[in-house]
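Welcome! Let us work through a few exercises together, one step at a time.

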Amino acid sequence: MAEFTMELNDEQKEVRDWLHGFAADVIRPAAAEWDEREETPWPVIQEAAKVGIYSLDFYAQQYFDATGLGIPMAMEELFWGDAGIALSIVGTGLAAVGVLANGTEEQIGTWIPQMYGDPSDVKVAAFCSSEPDAGSDVASLRTRAVYDEAKDEWVLNGTKTWATNGGIANVHVVVASVDPGLGSKGHASFIVPPGTPGLSQGQKFKKHGIRASHTAEVVLDNVRVPGSCLLGGKEKLDERLARAREKARAGGERVKNAAMATFEASRPAVGAMAVGTARAAYEVALDYAKTREQFGRPIIDNQGVAFQLADMATSVDAARLMVWRASWMAINGKPFTAAEGSMSKLFASETAKKVTGQAIQILGGNGYTREYPVERMHRDAAIYTIFEGTSEIQRLVISRTVSGLPIR
Ligand SMILES: Cc1cc2nc3c(=O)[nH]c(=O)nc-3n(C[C@H](O)[C@H](O)[C@H](O)COP(=O)(O)OP(=O)(O)OC[C@H]3O[C@@H](n4cnc5c(N)ncnc54)[C@H](O)[C@@H]3O)c2cc1C
């Protein structure tokens with residue numbers, strides 16, 4: 001197990017600087033355009049693929065970094081560039097993690113490369129769990145997967161919503177119920193291969209922020225996938241269902257479902273995205289406060305402004321520390337006994353919302369316009385308190401963990 005450290009090693013610093021260069025030179029200059037267009041920034045993803053940032057190799061290298069700092073460092077830099085474009089670049093990662101967390105070696109080797117494509121023909125992937133009536137309450141999802149034993153195929157039916165890259169993805173990972181009687185314990189995840197008949201894109205959402213990232217409904221109408229597309233395989237599923245049924249009979253402890261495993265592992269990563277956006281807005285505000293003059297002096301000369309910047313810097317730093325600790329714990333298999341993963345996501349996402357708002361205030365009228373990036377950053381920041389578990393759901397996890405009580 002790697003010791004927890006707050007120091008990036010030389011190799012990590014090199015990667016961080018490389019990512020920062022890409023974020024500053026390629027992502028940030030394109031941010032306003034793609035925000036206005038509200039379209040997937042394919043040319044930027046392709047550019048990221050060319051230099052090796054959008055690739056399985058790069059993602060896996062960061063994901064398996066034993067210090068736990070690879071992913072948060074990468075997320076912070078890319079999202080510092082722009083949240084919408086960065087989500088278009090890393091959105092595939094959520095689906096990839098779903099396969100890494102629950103798939104067999106063969107499934108990992110077969111499907112993850114197809115999620116990314118190659119630099120001359122980039123692809124994206126989608127992780128589809130949420131439904132119109134199953135957002136925070138993941139257990140109530142209605143999409144059904146029924147096994148057709150004669151053909152060794154699974155048949156999927158249902159409607160997914162809010163799927164990042166939904167409908168435009170090459171590979172979709174879909175969470176469905178195989179045994180509704182078991183609630184979330186009866187869920188399983190499936191690969192829907194490219195071009196599978198019956199999968200279509202529903203409504204594409206027009207959003208408040210992260211507008212360069214594609215978010216849409218995914219409709220599954222008698223989608224047939226081979227038995228080999230059940231993540232983890234049938235034997236493992238049958239064993240898990242048998243254990244769940246046994247526990248349900250005995251009224252025992254809850255078993256974690258596949259979708260929750262994905263979210264737990266990815267929560268600190270979302271916290272790191274929020275740190276990137278918060279830091280970006282803080283830096284813009286700091287620069288502005290040093291150069292904008294009112295009453296014959298830079299506005300930062302006033303404690304009212306300087307102290308706000310001090311609070312912003314402190315919050316960003318604290319959020320990063322919580323995210324790094326949780327990421328180190330996750331990669332080293334340390335259980336979140338004090339809900340450290342949820343704490344990191346809660347604190348970092350609320351920090352991003354607050355700090356980007358403070359940045360608008362420091363830029364005054366300019367901050368409120370699209371001439372300056374903090375207005376976009378503030379719109380973008382709102383997503384961090386919503387996806388992969390709202391702030392209220394994080395508080396639910398934390399309060400249950402610290403109190404040991406079934407808080408509702
Ligand atoms: C841009 C975007 C991208 C997304 N990408 C994906 C994706 O790729 N894949 C995917 O599967 N999903 C995705 N989501 C879905 C996201 O995870 C859900 O929106 C989120 O989990 C919240 O669910 P909901 O929107 O249905 O809100 P609801 O669950 O309806 O919640 C509404 C409000 O009620 C509160 N609330 C609910 N239950 C409780 C409770 N028990 N106690 C206190 N408060 C409560 C919530 O905190 C929230 O404030 C995305 C969403 C967005 C907006």
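**Exercise 1: the ligand shell**

Task: find which of the 20 residues around the ligand come nearest.

Solution. Phe 127, Ser 136, Trp 162, Thr 390 and Glu 392 come nearest among the 20 residues around the ligand; a residue is near a molecule if one of its heavy atoms lies within 4 Å of it. This is a predicted model, where local features need pLDDT of at least 70 and side-chain atom pairs count only at pLDDT 80 or more, while totals for chains, interfaces and linings use all residues. Residues are numbered from 1 along each chain as its sequence is written, and side-chain values use heavy atoms, with hydrogens and water left out.

Next, sort the shell by type: 10 residues are nonpolar, seven polar and three charged (Asp, Glu, Lys and Arg count as charged; Ala, Val, Leu, Ile, Met, Phe, Trp, Tyr, Cys and Pro as nonpolar; the others, Gly among them, as polar).

**Exercise 2: an atom pair**

Task: state how far a polar side-chain atom of Ser 130 lies from a nitrogen atom of the ligand.

**Exercise 3: Lys 353**

Task: decide whether Lys 353 is buried, exposed or partly exposed.

Solution. First, look up its relative accessibility, which is 34%. Then apply the cut-offs: buried means under 20% relative accessible area, exposed over 50%, and partly exposed in between (1.4 Å probe, protein chains only). Lys 353 therefore counts as partly exposed.

Finally, look across the sequence: Lys 353 and Asp 380 are 27 residues apart in sequence, and their C-alpha atoms are 8.6 Å apart in space.

Key:
A polar contact is a pair of N or O atoms within 3.5 Å; within protein, one must be able to donate a hydrogen and the other to accept it, and residues adjacent in sequence count only if both atoms are side-chain atoms.
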